Amino acid sequence: MLSLPNLMHDEVARLKLSLKLNKQHQLKSATYQKILADTTQMYEKKIAELIKQLEDERARSEGAEEQVDVMKKLLNDHDKSMKEQHRMEHSTYHNALANTTQMYEKKVAELLKQLEDEHARSEGAEEQLVLAKKHISDHQDLVQIQEQNEIDDLRRKLQDLFQLHEATRNELQSLKIKHKDVLSEKEILNGELHALRQTLLVEESRRKAIETELFNIQKVVPESEDHFEDKRSYMKENLAKGSSAFGTPMGLHKLNQSRETISGQRTTIAKIFGLQKILALLTSGELDVQIHAVKVVANLAAEDINQEKIVVEGGLDALLMLLRSSQNTTILRVASGAIANLAMNEMNQGLIMSKGGARLLANTASKTDDPQTLRMVAGAVANLCGNENLHVILREEGGIKALLGMVRSGNIEVIAQVARGIANFAKCESRGIVQGHRRGRSLLLDDGVLTWLIANSNTASPSTRRHIELALCHLAQNEDNARDFVSSRGVKELARISVESTREDIRNLAKKTMKLNPTFQTNMPAQ
């Protein structure tokens, strides 16, 4: 049986051999050489410690053997007494040696485990190294492919550039030829430009002459801004006034002569200067020229024969643009009057509404307090109120609110135009109800028109009172408005009109309306 020292010596020799083999294996991997060297150094240190411990044990063993020899000599004399003691000492030593051996075996097992772990890590590192080499190889192949593709692209681009260079050189040659042609044409154009400049100078002098003539015409042509009034109503009023200046046949003859003279002057202006030139002056950069031009257009628009031509030539668009952009009171007033004149034509009314004219007129009314401007705007809206097809959009675009809001001026003529517009609106509604293509409450009632009519029905102005009375009668003909009339004292006012109105036709209309409506009969005020 091998002794413990020999066993330890063999184990140490085996470990040395294993360490030597491990070193040879680790030398194969250059990447982990340093790590393995450190591990080897640690193992060598631990093995040196084991050898030292083994030598110490060997020294102690030798000392123990010497002590045994001495003890054997002593045991000869004391064999019986010392045999038990020797047995106990030998058992203690054997236990200590077993414990020591177990401890060293445990340490050796730990070292073996560490060695296996290091070996496994070394193998993993080798696998990673192989993968890294493969990745590097693939990357190099990819880079080579990309470089080759780039080289091919550069070759193609170089070829394209060469072709472009050839084409550019050819084009340069053609441009040189064209340049020579252009130089020759330039000489010709210089001559034409000189002639054109002379023509422009002549045209400039003609334009100044036209503007001068336009100023002179304005002195001759009356700047009437009242032509948006309904012509038939205007003639009826003057025929009914026996005390007026035109109440006699002679006065009427003079009025007709005056109208024919003014109409002839307007026609002459349009023929002499041309409508297009006059409309072009509306966009002039000079304010005075613009003002005089819009006045001429407003006067021309008063004649039925000119209204369609003005719209066709772009006059309506120019007038609406003035309302949109101008801040000049005179331009706003006269442009509104011109639109009012154009609004006497039913076809023009639809065009005005489709181009946003109602909203522009409402905006104009909201940004001015000038009574004359408000009178023109109110007249234009009043003419639009005479077209039943435009009522809904007219109200949606704020035309009715703007019309009623203009009474804030307190001007009699403005209020008369407001009343005329409401009367036109109410008359169209009642006509639609009679013809059977309209039903429901009046669109005017939601804007407080009925309240205003009742509050101002006894006004001092004959024209305003006549329009208010007509508006109330027409609104009352709609049975769907009856409840509003009852709740707002409208029935009482209608009864007063049937008795006190200065016009017989209005009195008869009020009586007929009240008689045909059962609701009014039951709410008739006591006589």
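Is threonine 464 buried or exposed? Select it: threonine 464 is buried, with a relative accessible area of 2% (buried means under 20%, exposed over 50%, partly exposed in between, with a 1.4 Å probe and protein chains only).

This is a predicted model, in which local features need pLDDT of at least 70 and side-chain atom pairs count only at pLDDT 80 or more, while totals for chains, interfaces and linings use all residues. Residues are numbered from 1 along each chain as its sequence is written, and side-chain values use heavy atoms, leaving out hydrogens and water.

Stay on threonine 464, which sits in helix α18 (residues 462–476); helices are DSSP runs of H or I, at least four residues, numbered from the N terminus. Show Ile412, Ile415, Ala416, Ala419 and Thr459, which threonine 464 touches when residues up to four places away in sequence are not counted (contact: heavy atoms within 4.5 Å).

Next, select Leu319, Met406, Ile422, Trp452 and Leu453. Within the largest nonpolar core, of 82 residues, these touch the most other members. Such a core is a set of buried Ala, Val, Leu, Ile, Met, Phe, Trp, Tyr and Cys residues joined through side-chain atoms within 4.5 Å. Helix α7 (residues 287–301) gives the most to this core, nine residues.

Centre on leucine 319. Beyond its neighbours within four places in sequence, leucine 319 contacts Val294, Val297, Ala335, Ala338, Ile339 and Leu342. Then move to a second, separate core of eight residues, with Leu15, Leu19, Tyr43 and Leu111 among them.

Technical notes. Helix = DSSP H or I, 4+ residues; strand = E, 2+ residues; numbered from the N terminus.
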